[in-house]
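Thanks for coming. Please have a look at the model on the screen, and I will go through it one part at a time.

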Amino acid sequence: MYDKGKIMAGLAAFLVMITLPFWYSAATGKAGVKPDPVLPKTEKKCVESRQYMRDAHMDLLNRWRDAVVREDRHIYVSQDGTRYEMSLNNTCMKCHEERAQFCDKCHTYMGENPFCWDCHLDKKGVKGVL
Amino acid sequence: MDESRRAFLKTAGCAILGAGLAAPITRAVAGAVSADAMPGELTAGRWAIAVNVRKCLEREDCRACIDACHVAHNVPLIKDPLREIKWIWKESFKDTFAAESHPYLEKGLAGKNVLVLCNHCDNPPCVRVCPTKATWKRPDGIVMMDQHRCIGCRYCIVGCPYGSRSFNWQDPRPFITTGIKPEYPTRMKGVVEKCTFCTERLIKGLPPACVEVCNKVAGPGTMTFGDIRDPNSEVARMLKDGFSIRRKPELGTEPQIFYLV
């Protein structure tokens, strides 16, 4: 290989440059931009653990949707035994009132565009809401 | 070289498989959907509605049931008949009961408008033609719609002989002039919608919105909702006591909206 030293040095420099954000946040301990969803003030406990909701709320919502719409089942028993009515509009959004302050924060950050909002509504985000 | 490529492909394959398996496993930990009914939920072997046509016609201009339904379900008001959305509406007697119409029809019915809605057929053609199972018949007879799964092909609209289904040719939200109710979702462009016998109210122990308001405005018995399999239910007794007809029964769809004439 010709110019092996230059190529390798160039590649190494390139790698360092494109991974710079990771090094930066590892060194300083803070990310440049971080999603900052606003948690409800009235309720401290979600349906499942915080970690599960972070990882898998979309799976939970899909299960809820299928159970309610297709199987006519409406009660969810969470891991700690609490019973909830399965409803995005009337259970989730009773606490997470503002989509823009909660859902959209991470979705926008991640470039996610879930189609929930084509039909479902939050109380504050739509013009003409009663 | 061959060996290392082989080893690389093996490792990569295992890694992909591992990642694919790990995701559902780590997500599987959570609670469960209960088989219990909601407290106070209304259940039936077979839901049906009886409409007392003559009592309804006493108030020809009444729109109480239509307004109650359309407000509760965020149904848009679109004037263009090619694009309009209807869950419950009034149709001329001639078009509603084509086989029962003739030039010498009694004055009280001729030229009058009859209340119509989804018939929640026992043998629903819409269900038969739906390619995605977005519409199906529940065990209690309600012909249900899953807007999440509807692809907007409109076969069901062609299949339904009663015109009970509407297609969203555009985003309906700008046309919800009465104010959107956030408790109930709207629909999106490109899906079909229709009456659901108010499944969201049944689980709260409430009858359909149209029946509830009708009984308040026009008096009890104008619209009667109930379990037709239960011989002691009001709807079953009414049908036993008076003569009733159904829309286009000759098609074999077994409609479950009964008209007391």
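In chain A, 53% of the contacts with a separation of 6 or more are between residues 24 or more positions apart; two residues are in contact if their C-beta atoms, placed from the backbone, lie within 7 Å. Before I go on: this is a predicted model, where local features need pLDDT of at least 70, side-chain atom pairs count only at pLDDT 80 or more, and totals for chains, interfaces and linings use all residues. Residues are numbered from 1 along each chain as its sequence is written, and chains are lettered from A and ligands numbered from 1 in the order in which they are written.

Now the overall form of chain A. Its C-alpha trace spans about 70 × 30 × 30 Å along the principal axes. The radius of gyration of chain A is 22 Å, while a compact globule of 130 residues would have one near 14 Å. That radius is taken over C-alpha atoms, and the globule rule is 2.2 Å times the number of residues to the power 0.38.

Chain A has five helices and two strands, in the pattern α-α-α-β-β-α-α along the sequence. Helices (H or I, at least four residues) and strands (E, at least two) are DSSP runs, numbered from the N terminus.

Which strands make up the sheet of three? The order is S2(A)-S1(A)-S1(B), an open sheet with antiparallel pairing. Two strands pair if DSSP finds at least two bridges between them. Strand S2 (83-85) of chain A and S1 of chain B are the edge strands, each pairing on one side only. Between strand S1 (residues 75-77) of chain A and S1(B) there are two bridges, and A:Tyr76 has B:Val33 as its bridge partner. As background, strands of a sheet pair through backbone hydrogen bonds, either parallel or antiparallel.

The contact between the chains takes 32 residues from chain A and 26 residues from chain B. On the chain B side, helix H1 (2-27) and strand S1 (32-33) are the elements that give two or more residues.

Chain B also has an open sheet of four strands, S9-S2-S11-S10, with mixed pairing. Its edge strands are S9 (223-227) and S10 (244-245) of chain B. Strand S2 (residues 47-52) of chain B runs parallel to strand S11 (residues 257-260) of chain B, joined by four bridges. In this chain, B:Val51 stands opposite B:Tyr259 in S11(B).
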